Amino acid sequence: MEVKKEVWLRGEKDPHLAAELQPAADALLQAGEELEALLKDFPDAWLWDRPAGVAAVGFHLKHIAGVLDRLLSYAEGNMLAPEQLEYLENEVAAGEATVNELLQQVHGAIERCIARYRQFSSAALAASRSVGRAGLPSTVIGLCFHAAEHTMRHTGQLLVTVKMLQNQ
């Protein structure tokens, strides 16, 4: 069986994406693939379990989808809309969604994030942006890379939670 190369090693590049953002897009696509493989046959009943008090798998999935939308809003120079703030407040709440439904939300968020990356030219990446109500300083490229880095951080945390649940 041939081992699938990681996204960044496949040589596939998005011609509509600023070259500086390709590594961030690759990381997002890699996270999506890893989540899909990791959660294959994962029981819906475990979605909101918190072994040793760690964050639930359901939270991580909801958070990844929400944070991608929020960070790209900031990168686009926008403040968060009331719907985004409401989603943020509800990320920790268990809902009726299944593992597959939450995975589809994550995949959709990744696709939309990369589509939003395409709107930024190389020249626009250094533009200053404010984050949150406090107006913390960042840049377009900083927010785009943080979106990818943050997604991978939660993917890793989710991986550990899944392993803990499978071994209890």
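User: How close do the axes of H2 and H4 come, and at what angle do they cross?
Analyst: The axes of H2 and H4 come within 9 Å and cross at roughly 20°. This is a predicted model: local features need pLDDT of at least 70, side-chain atom pairs count only at pLDDT 80 or more, and totals for chains, interfaces and linings use all residues. Residues are numbered from 1 along each chain as its sequence is written, and side-chain values use heavy atoms, with hydrogens and water left out.

User: What counts as an axis or a helix here?
Analyst: Axes are lines fitted to C-alpha atoms, for helices over the stretch in contact, with angles from 0 to 180 degrees between N-to-C directions. Helices are DSSP runs (H or I, at least four residues), numbered from the N terminus.

User: Are H2 and H4 roughly parallel or roughly antiparallel?
Analyst: Roughly parallel. That label covers angles under 35 degrees.

User: Which hand is the H2 and H4 crossing?
Analyst: The crossing is left-handed. In other words, the near helix is turned anticlockwise from the far one by less than a right angle.

User: Which residues make that contact?
Analyst: From H2, they include Gly58, Leu61, Ala65, Leu68 and Leu72. From H4, they include Leu103, Val106, Ile110, Cys113 and Tyr117. Contact means heavy atoms within 4.5 Å.

User: Switching to the core. How many residues are in the largest nonpolar one?
Analyst: It has 41 residues. A nonpolar core is a set of buried Ala, Val, Leu, Ile, Met, Phe, Trp, Tyr and Cys residues joined through side-chain atoms within 4.5 Å. Buried means under 20% relative accessible area, exposed over 50%, partly exposed in between (1.4 Å probe, protein chains only). Leu39, Val57, Leu61 and Tyr117 have the most contacts inside this core.

User: Which elements give two or more residues to it?
Analyst: Helices H1 (22–38), H2 (57–75), H4 (99–117) and H5 (140–166). H2 gives the most, with 10 residues.

User: What does Tyr117 touch, leaving aside neighbours within four places in sequence?
Analyst: Tyr117 is in contact with Leu17, Leu21, Ala24, Ala25, Leu28, Leu72, Cys144, Ala147 and Ala148.

User: Now charges. How many salt bridges are there?
Analyst: The structure holds 8. A salt bridge is a side-chain nitrogen of Lys or Arg within 4 Å of a carboxyl oxygen of Asp or Glu.

User: What does Glu91 pair with?
Analyst: Arg70, with the closest N and O atoms 2.9 Å apart. Glu91 sits in the loop between H3 (82–89) and H4, while Arg70 is in H2, 21 residues apart.

User: Are Glu91 and Arg70 buried or exposed?
Analyst: Both are buried.

User: What about Asp26?
Analyst: Asp26 meets Lys13 in a salt bridge, at 3.7 Å from N to O. Asp26 lies in H1 and Lys13 in the segment before H1, so the pair ties together parts 13 residues apart in sequence. Asp26 is buried at 6% relative accessible area, whereas Lys13 is partly exposed at 49%.

User: And where does Glu33 connect?
Analyst: Glu33 bridges to Lys4, with the closest N and O atoms 3.9 Å apart. Glu33 is in H1 and Lys4 in the segment before H1, 29 residues apart. Glu33 is partly exposed at 30%, and Lys4 is exposed at 60%.

User: Which residues are linked with Lys4 and Glu33 in a salt-bridge network?
Analyst: Arg10 is linked with them.

User: Last one. Where is Gly11?
Analyst: Gly11 lies in the segment before H1. Gly11 counts as exposed, at 54% relative accessibility.

Note on methods
Parallel < 35°, antiparallel > 145°, perpendicular 65-115°, else oblique.
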